[in-house]
Amino acid sequence: MSTSPLFRAASRPRHTELRSKLGFTLVELLSVIAVIGILAAILFPALAKARESVNSSKCAGNLRQDGIAIQTYVSDNKGSLPVGGFWTISPYFTADTRNFQNSILPYISMQKPTSWNTASLVGKAYSGTFDCPGYKGSVGDTCYTLQRYVTASDGTQIMGPDGKPIQPWGWRYQGGSQFYTNPQPLKHSVVPPDAIAIIDRDFSATQPNHPGHKNALYFDWHVGRVAVNN
């Protein structure tokens, strides 16, 4: 078969056309990148929202477990609530008897440590039920707040018959080398059921645990959401 220059010249455009079909032009590559960027912009907020929903659900589940522990304590102590002296709750327990967790140790998955050094307790004396997965603070920080006074959902304090704020957990404090409890914790039956027992503690106003709400354990032991502006 003849391989004249004319034949060879005629075959080159077909070979060039074949190579162009096997690759991407710059315009095509930029178009793909643009589409990926658009999809990422759409998906990332949805993924973040889904992750927040999971964190909030886990947080609510933790509070329910805490509610069960408190109920069991109340049942074993003639209806009295546990005593509190510190109002913020860390997943890492200290040996201080003023700590709310000290009262309910038998009812939670936590062992009483022998050291008062909080740093030495990381990973040892730990209760996941006091660890909000959405908390933005440092490891071992206080994730929840034990309400010192009987507080309604709108944040207002509920006063007792004497016109003073009601302290449902009593108050455990230190005087010299001794520890005292005054006033004593209330009977659970006299605390309004719609009052908040434990609530999320935000790391900061700009970095809330859960955008738009806080999870709260109420004294009837249900967990609900408290709307907040953040």
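Trp221 sits in the loop between β6 and β7 (223–227), where helices (H or I, at least four residues) and strands (E, at least two) are DSSP runs numbered from the N terminus. At 14% relative accessibility, Trp221 counts as buried; buried means under 20% relative accessible area, exposed over 50%, and partly exposed in between (1.4 Å probe, protein chains only). Phi of Trp221 is near 75 degrees, a positive value in a residue other than glycine.

The model is predicted: local features need pLDDT of at least 70 and side-chain atom pairs count only at pLDDT 80 or more, while totals for chains, interfaces and linings use all residues. Residues are numbered from 1 along each chain as its sequence is written, and side-chain values use heavy atoms, with hydrogens and water left out.

**Overall make-up**

- The chain contains three helices and seven strands, in the order α-α-β-α-β-β-β-β-β-β from the N terminus on.
- Of the 230 residues in the chain, 37% are buried.
- The chain exposes about 13,600 Å², of which carbon and sulfur atoms supply 60%; accessible areas come from the Shrake-Rupley method with a 1.4 Å probe, and for residues only the protein chains shown count as cover.
- Among contacts in the chain with a separation of 6 or more, 56% are between residues 24 or more positions apart; contact means heavy atoms within 4.5 Å.

**Nonpolar cores**

- The largest nonpolar core has 33 residues; such a core is a set of buried Ala, Val, Leu, Ile, Met, Phe, Trp, Tyr and Cys residues joined through side-chain atoms within 4.5 Å.
- The residues with the most contacts inside this core are Ile70, Leu81, Phe100, Tyr144, Trp169, Ile198 and Phe219.
- Two or more residues of this core come from each of α2 (26–76), β2 (144–151) and β5 (196–200), and α2 gives the most, with seven residues.
- Apart from this core lies another, of five residues, including Ile196, Ile199, Ala216 and Tyr218.
- Beyond its neighbours within four places in sequence, Leu81 is in contact with Ile70, Tyr73, Val74, Pro168, Trp169, Pro185, Leu186, His188, Val191, Phe219 and Trp221.

**The loop between α3 and β2**

- Leu105 is found in the loop between α3 (100–103) and β2, and is buried, with a relative accessible area of 11%.
- The C-alpha atoms of Leu105 and Tyr73 are 9.5 Å apart in space, and the two residues are 32 apart in sequence.
- Ser127 belongs to the loop between α3 and β2 as well, and is buried at a relative accessible area of 0%.
- Not counting residues up to four places away in sequence, Ser127 touches Pro91, Ile108, Ser109 and Met110.

**Aromatic rings**

- The structure holds seven aromatic pairs; rings of Phe, Tyr and Trp (its six-membered ring) pair if their centres lie within 6.5 Å, and planes under 30 degrees apart count as stacked, over 60 as edge-to-face and the rest as tilted.
- The pair of Trp171 and Tyr173 is tilted, because the ring centres are 5.1 Å apart and the planes are at 35 degrees.
- Trp171 is partly exposed at a relative accessible area of 32%, and Tyr173 is partly exposed at 27%.
- Phe100, Trp169, Phe219 and Trp221 are linked into a cluster by ring pairs.
- Over the ring of Trp171, 4.9 Å from its centre, sits the charged end of Arg148; this requires NZ of Lys or CZ of Arg within 6 Å of the ring centre and within 35 degrees of the ring normal.

**Salt bridges**

- The count comes to two salt bridges, each a side-chain nitrogen of Lys or Arg within 4 Å of a carboxyl oxygen of Asp or Glu.
- Arg201 forms a salt bridge with Asp141, and their closest N and O atoms are 3.9 Å apart.
- Arg201 lies in the loop between β5 and β6 (213–218) and Asp141 in the loop between α3 and β2, so the pair ties together parts 60 residues apart in sequence.
- Arg201 is partly exposed, with a relative accessible area of 25%, as is Asp141, with 23%.
- Lys214 forms a salt bridge with Asp202, with the closest N and O atoms 4.0 Å apart; Lys214 is in strand β6 and Asp202 in the loop between β5 and β6, 12 residues apart.

**Backbone geometry**

- The peptide bond joining Asn182 and Pro183 is cis, with omega about 0 degrees, and Pro183 lies in the loop between β4 (178–181) and β5.
- Lys78, in the loop between α2 and β1 (88–89), has a positive phi, near 55 degrees, in a residue other than glycine.
- Lys78 is exposed, with a relative accessible area of 74%.
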